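Please read them with the sequence and the structure side by side.

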Amino acid sequence: MALFLSINYGRTGTFIFRNRDCLKLCTLNYHGLRVSLPSRFVSIFGTSRTSNWTKAVSDAEKLVGYPTSFMSLRCLLSDELSNVAIHIRKLLGTRHPLLKTARGFLDNGKQSLQTRGLVVLLISKAAGPSPNPSGICKDQDMISGIYPSQRSLAEITEMIHTASLIHKGVVNLEDIQPGDGSRKDMEFGNKLAVLSGDFLLASSCTALAKLNNTKVVEIMSKAIGNLMEAEFTALKNRSGNPVLPRNVKFSDWSEQTFLSSGCLLAEGCRAAMELANHSELVKDAAFTFGKNMALAQQMADDIGPFLDPNQGCTNISITSGPIIRHVESHPNDIDDKLFNSSEGIEPKQILKLVKSGSAIQECAKLCLEYGQRAIHSLDRFSDSDAKTALINIIRAATNEQRGVR
Amino acid sequence: MAAVGRIRSRLHTQLLQIYKISEGLQINLVLKARLHNQRKLMVRLCGYLNYNEQVHKCINNAFSLAFRCCRCVSAGSVREPQMSVHQQVDPYKLVGAELANLCVEIKQEVVTSKHELGEIAEYYFDGKGKCFRPMLIMLASKALNFHKTEEERLLDSQRRVAMIAEMIHTASLIHDDVIDESCIRRGKSSVNNIWKERKAILAGNYLLSVASMALARIGNKDVVQVLSQTIEDLVRGEFMQLGSKEDENERFKHYLTKTFKKTASLMANSCKAIAVLGELDEDLIGVAYEYGRNIGLSFQLVDDILDFTSCDTLMGKPTAADLRLGLATAPVLFASQEFPELHSMIMRRFMQDGDVERARELVAKSDGVSHARMMAEQHCKEAVRLLQTLKLSDSRRALEHIAYLVLNRQK
């Protein structure tokens with residue numbers, strides 16, 4: 001069970017506190033409105049392996065003027081969510097996923113919640129001022145080369161992501177395991193999860209409406225729909241745990257990755273271009289960038305455990321790229337035990353199996369390819385600091401196998 | 001056993017009497033008071049019989065008849081809704097064709113390559129729902145369009161608003177049922193009961209995203225803003241249900257705001273949206289909004305009343321549900337003025353053993369239900385009054401009839 005929990009949240013990041021002081025530090029900063037300091041937190045826990053990524057992100061943050069608040073402050077400080085924050089304490093001691101997600105707001109380590117928003121801001125800046133400035137995007141309103149509406153959109157992108165993260169943590173009450181917590185606590189956790197997720201979604205709906213661009217509303221709503229579809233694919237069981245279907249194809253992996261993270265980043269980037277009235281070509285380029293960045297990031301995350309001898313075993317997801325790649329080309333390698341997800345998989349066995357083939361190397365190559373495609377899509381943008389920052393982020397994501405999360 | 005038999009026969013006599021009263025149209029205020037007393041007695045009698053369905057249905061029919069007569073007579077300064085037979089227009093018939101298509105259209109919208117998700121998303125659109133909101137919105141569109149162009153037609157964009165409103169409403173029902181853990185909805189097993197909590201929530205979100213896409217495709221920024229507001233209101237309303245207020249006056253205000261946000265906002269803002277799309281002027285947009293708001297408030301008040309007076313099978317969902325969820329609705333709030341012991345029960349959200357039963361008993365003894373009913377009537381009257389600004393058309397008559405239907409619905 002524990003193995004599966006960690007696999008489950010592997011995709012979205014595992015959040016661990018090293019000591020209590022860090023928690024205090026985070027909370028203090030959060031209440032002092034210095035909301036987004038993931039890079040600093042990483043340097044607290046940091047390992048040398050992550051330094052490239054950290055540097056790329058923190059350099060990029062400086063470019064966009066002020067860091068993206070990782071959720072709209074208006075939202076976080078609303079009566080509704082402060083209430084939830086108080087209630088969440090009641091969940092301490094249970095294994096309700098909401099608790100993990102909530103901790104993630106404070107210490108979100110590597111898979112920073114705000115990368116999405118940061119990328120939207122960077123690409124807005126890289127694309128430059130609108131070719132046809134209209135009523136809502138006037139050049140004099142730009143701050144650090146970004147329109148206020150685009151900043152709003154960056155926040156909305158974060159809010160949508162967080163909402164879906166929270167809702168994915170709703171627990172099926174009949175599947176509660178003895179160690180999870182009492183049924184009553186889990187019910188309460190669900191209630192809080194549903195309400196706070198709904199609140200974030202509703203807030204993003206109204207925030208989107210205020211952008212006064214129906215095309216953008218349509219694009220972002222589509223992304224929300226895709227995020228939900230991601231939970232109904234053949235690679236997910238009803239509790240959201242990964243399952244490996246027979247005759248799985250590598251295209252299933254790409255589809256899953258696109259639906260569960262690519263769409264939001266890609267559509268977010270496209271919507272940012274839409275807001276500034278950029279041309280169709282620029283919009284498509286932004287979309288391609290977001291999509292490939294998500295694919296590259298996910299693949300890098302998936303390969304990581306296979307290359308790291310120390311902690312690889314426990315972090316392997318059964319639907320990670322290398323495994324699916326291997327199964328696709330060696331369908332006979334996999335015996336029935338592997339498909340019985342309730343039994344769990346024997347990580348060492350899997351590791352050995354996959355390492356015997358060439359799947360890991362192929363995936364590493366693919367990862368670089370995705371990165372290249374993302375970088376290539378930026379050719380349409382003229383050179384700028386923002387463009388360089390985006391390229392650095394992609395390089396950092398693909399060159400190193402980001403281990404500790 | 002003998003005791004039950006006695007109560008039953010007494011109930012029967014009472015019923016006959018009520019029918020007699022309602023038939024003799026000479027009802028005056030004295031009779032109305034008597035009617036109220038009898039009602040109280042009957043509700044208590046029903047209590048002994050564990051709310052036998054059949055009996056209950058009978059009583060409800062009898063009372064709605066009797067109250068209808070009362071209303072016709074007790075008209076004061078406020079103009080009565082015109083309910084005479086020759087003016088009645090069946091609202092469902094007037095937009096029947098459009099409504100029949102509604103579910104088909106929604107199913108086309110929610111199409112997805114993920115089979116199970118599609119199944120959940122269209123589960124409630126089986127054509128058996130009341131479709132009250134779409135009906136209201138379509139009729140309001142026709143009435144407003146007639147007022148402006150003398151032509152009772154329905155714009156395509158307005159028809160889409162009706163569809164979107166039903167989708168938003170359904171999405172919120174799916175989420176509410178997870179929060180309240182209810183197993184039955186619209187007379188069938190609820191989504192969370194079949195597909196379990198997690199998928200229910202995610203599918204609800206999906207439905208909302210589809211609605212939001214359809215909304216964006218209408219292409220009107222103002223309409224997007226107006227309807228997005230309702231989504232926020234729905235959630236804020238749900239949050240308001242979590243807490244109760246210490247102060248008595250504040251509590252009622254809290255209840256009314258919650259009622260607006262949870263029910264009336266969708267109707268009010270959809271009516272506003274179709275008025276915007278019909279390009280009516282500010283005043284009439286305001287009339288449309290207010291009509292929707294009043295109908296919505298009344299609708300919810302009646303819903304809260306039915307939670308006390310109706311039975312499970314008739315409603316298609318469990319009754320006495322509000323109390324069990326710890327919610328104090330209008331009948332309880334009014335009753336607490338008569339029986340102060342309800343205050344502490346409200347504050348502890350009817351959590352102690354026996355609270356729910358005791359509260360039901362006290363509400364039955366009090367004038368809570370009839371007060372709440374009066375409030376609902378007031379809102380319906382206001383809705384009908386607002387309609388008089390519009391030129392007379394079949395649709396306007398149907399809208400007036402809706403006010404009547406809202407008050408007299410049994411489910």
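1. Asp177(B) counts as buried because its relative accessibility is 1%, where buried means under 20% relative accessible area, exposed means over 50%, and partly exposed lies in between (1.4 Å probe, protein chains only). The residue sits in helix α8 of chain B, which spans residues 156–180; helices are DSSP runs of H or I with at least four residues, strands are runs of E with at least two, and both are numbered from the N terminus. Once its neighbours within four places in sequence are left aside, Asp177(B) is in contact with Tyr124(B), Ser182(B), Arg185(B), Ser190(B) and Asn192(B), a contact being heavy atoms within 4.5 Å.

2. On the basis of these values, please bear in mind that this is a predicted model, in which local features need pLDDT of at least 70 and side-chain atom pairs count only at pLDDT 80 or more, while totals for chains, interfaces and linings use all residues. Residues are numbered from 1 along each chain as its sequence is written, chains are lettered from A and ligands numbered from 1 in the order in which they are written, and side-chain values use heavy atoms, with hydrogens and water left out.

3. Chain B as a whole has 19 helices and two strands, and buried residues make up 60% of its 411 residues. Of the contacts in chain B between residues at least 6 apart in sequence, 76% join residues at least 24 apart.

4. The contact between the chains draws 43 residues from chain A and 38 residues from chain B. The area buried between them is about 3,900 Å², with carbon and sulfur atoms giving 68% of it; buried area here is the accessible area (1.4 Å probe) that two parts lose on being put together, summed over both. On the side of chain A, Leu195(A), Thr214(A) and Phe232(A) lose the most area to chain B, together 18% of what that side buries.

5. Four salt bridges are found across the interface of chain A and chain B, each defined as a side-chain nitrogen of Lys or Arg within 4 Å of a carboxyl oxygen of Asp or Glu. A salt bridge joins the side chains of Glu255(A) and Lys114(B), at 2.9 Å from N to O. Several helices of chain A, including α10 (183–210) and α12 (250–275), each supply at least two residues of the side that touches chain B, and α10(A) gives the most to that side, with 15 residues.
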